[in-house]
Amino acid sequence: MTDSPLENIPHNSPLQPVKLFLDDTIQFRCHKDIACFNKCCQRIDISLTPYDILRLKKRLGLTSNEFLAQYTVPYEMDASGMPGVKIRTADDNLACPFVTEEGCSVYEDRPTVCRYYALGLMSMRQENSSTDEEAYFLIKEDHCLGHNEPRTITIRDYRKEQEVAHYDEMNREWRQIVLKKRSAGPTIGKPSQRSFQFFFMGSYNLDSFRNFIKSQGFSELYDLKSDEFERLKTDDVALLQFGFKLLKQVLFGENTIPVKSDAMEKRAQQRREQTKADANNPNKDYDGPNMI
Ligand code: SF4
Ligand code: SF4
């Protein structure tokens with residue numbers, strides 16, 4: 001996902017500077033007998049979405065902490081420092097840790113970027129707009145012979161073939177959060193370290209997020225029905241989607257999760273006391289609509 005990678009691309013970039021939409025056609029086919037098989041997995045730069053991590057950690061039988069530590073490296077998604085994660089490679093070998101001679105060892109759970117390749121997806125939101133636009137672009141790398149295969153396909157059908165719609169659906173709210181945070185720019189204040197940490201946990205570290213919602217502070221503040229609460233303790237997909245809603249509430253002050261009224265009054269009192277204590281600290285970072 002990107003704001004618009006097609007702006008200012010250098011002439012030697014493999015990104016083709018043409019915006020494509022669902023009914024546009026590309027010439028491309030990838031298959032096991034092609035001479036370049038696995039070449040695209042030898043020098044990777046793969047950003048992971050929250051649902052990618054959910055699928056991969058489950059596939060590998062790891063907790064999200066273990067998966068993040070073993071297989072990922074953090075990076076900043078934009079100039080404001082919005083945290084992202086990429087697949088980690090060895091220092092002297094940029095091959096994907098999941099590639100084998102037979103191909104991708106996690107194929108059924110491969111990340112969104114791998115499903116889309118040789119397409120890229122861009123999600124855009126104009127400043128002061130509340131709606132997103134999705135478009136695609138072609139990536140033509142010299143080593144990839146799939147572009148010479150005699151098969152044309154619409155992007156709509158390519159997405160079906162790669163079973164990417166489910167991934168996009170699972171990440172939709174998260175993409176909205178990322179775009180909103182970016183497009184809000186300075187009007188919503190300087191993002192604090194704390195809001196980024198919360199974004200990281202709600203996006204990528206489901207097991208830590210689950211511990212957070214089981215904490216006393218969480219149940220004192222948020223008013224969840226007991227069956228929903230029990231579900232969140234065991235169902236990763238439900239927890240992920242709940243996390244996106246909570247991120248919207250914490251980062252943007254949207255009323256996505258009901259809050260206990262007495263808890264609000266208690267928090268307001270704490271906030272008043274905190275404000276008094278901070279009165280002599282004019283450099284205090286803005287921390288967003290703080291409800292965590
Ligand atoms: S996850 Fe699979 S498809 Fe994606 S780069 Fe790694 S080996 Fe290749
Ligand atoms: S055709 Fe392209 S995507 Fe398919 S294996 Fe070859 S390099 Fe990778």
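Reader: How do α6 and α10 run relative to each other?

Author: Start with the angle between the two axes. Over 145 degrees counts as roughly antiparallel. In this predicted model, helix α6 (residues 193-204) and α10 pack at an angle of about 170°. Therefore α6 and α10 are roughly antiparallel to each other. Their axes lie 10 Å apart.

Reader: Which residues make that contact?

Author: From α6 come Ser-195, Phe-198, Phe-199 and Gly-202. From α10 come Gly-243, Leu-246, Leu-247, Val-250 and Leu-251. By class, the contact of α6 with α10 has 6 nonpolar and 3 polar residues, and no charged ones.

Reader: At what angle do α7 and α10 pack?

Author: Read this pair the same way. From 65 to 115 degrees, an angle counts as roughly perpendicular. Helix α7 (residues 206-213) meets helix α10 (residues 236-252) at about 75°, with the axes 11 Å apart. So α7 and α10 are roughly perpendicular to each other. Leu-206, Phe-209 and Arg-210 of α7 touch Asp-236, Leu-239, Leu-240 and Gly-243 of α10. This contact holds 4 nonpolar, 1 polar and 2 charged residues. Note Gly-243: this α10 residue is listed in the contact with α7, and also in the contact with α6.

Reader: How many bridges join β3 and β4?

Author: Count bridges pair by pair. β3 and strand β4 (residues 83-87) share 5 bridges, in the antiparallel sense. β2 and β4 pair over 2 bridges, again antiparallel.

Reader: Which β4 residues are the partners of Tyr-75 and Ser-47?

Author: Tyr-75 has Gly-84 as its bridge partner. For Ser-47, the partner is Lys-86. Lys-86 also has Val-73 standing opposite. As a general idea, side chains in a regular strand alternate between the two faces of the sheet.

Reader: What lies between β3 and β4?

Author: These two strands form a hairpin, with 6 residues between them. In the turn, Gly-81 has a positive phi of about 95°.

Reader: Which residues surround ligand 1?

Author: List the shell, then sort the residues by class. Ligand 1 is surrounded by Cys-41, Ile-44, Ile-46, Cys-96, Phe-98, Val-99, Cys-104, Val-106, Arg-110, Pro-111 and Cys-114. That shell has 10 nonpolar residues, no polar ones and 1 charged.

Reader: How many residues surround ligand 2?

Author: The shell has 13 residues. The closest are Cys-30, Cys-36, Cys-40, Cys-144 and Gly-146. By class, the ligand 2 shell splits into 9 nonpolar, 3 polar and 1 charged.

Reader: Last, the whole chain. How many helices and strands are there?

Author: The protein chain has 11 helices and 9 strands. Of its 292 residues, 22% are buried. Then look at sequence separation. Take the contacts between residues at least 6 apart in sequence: 72% of them join residues at least 24 apart.

Note on methods
Residues numbered from 1 in each chain as written. Chains lettered and ligands numbered in written order. Predicted model: local features only at pLDDT ≥ 70, side-chain atom pairs only at ≥ 80, totals over all residues. Near = placed C-beta within 6 Å. Nonpolar A, V, L, I, M, F, W, Y, C, P; charged D, E, K, R; others polar. Helix = DSSP H or I, 4+ residues; strand = E, 2+ residues; numbered from the N terminus. Buried ≥ 20, exposed ≤ 12 C-beta atoms within 10 Å, placed from the backbone. Contact = placed C-beta atoms within 7 Å. Axes fitted to C-alpha atoms, helices over the stretch in contact; angles between N-to-C directions. Parallel < 35°, antiparallel > 145°, perpendicular 65-115°, else oblique. Pairing = 2+ DSSP bridges.
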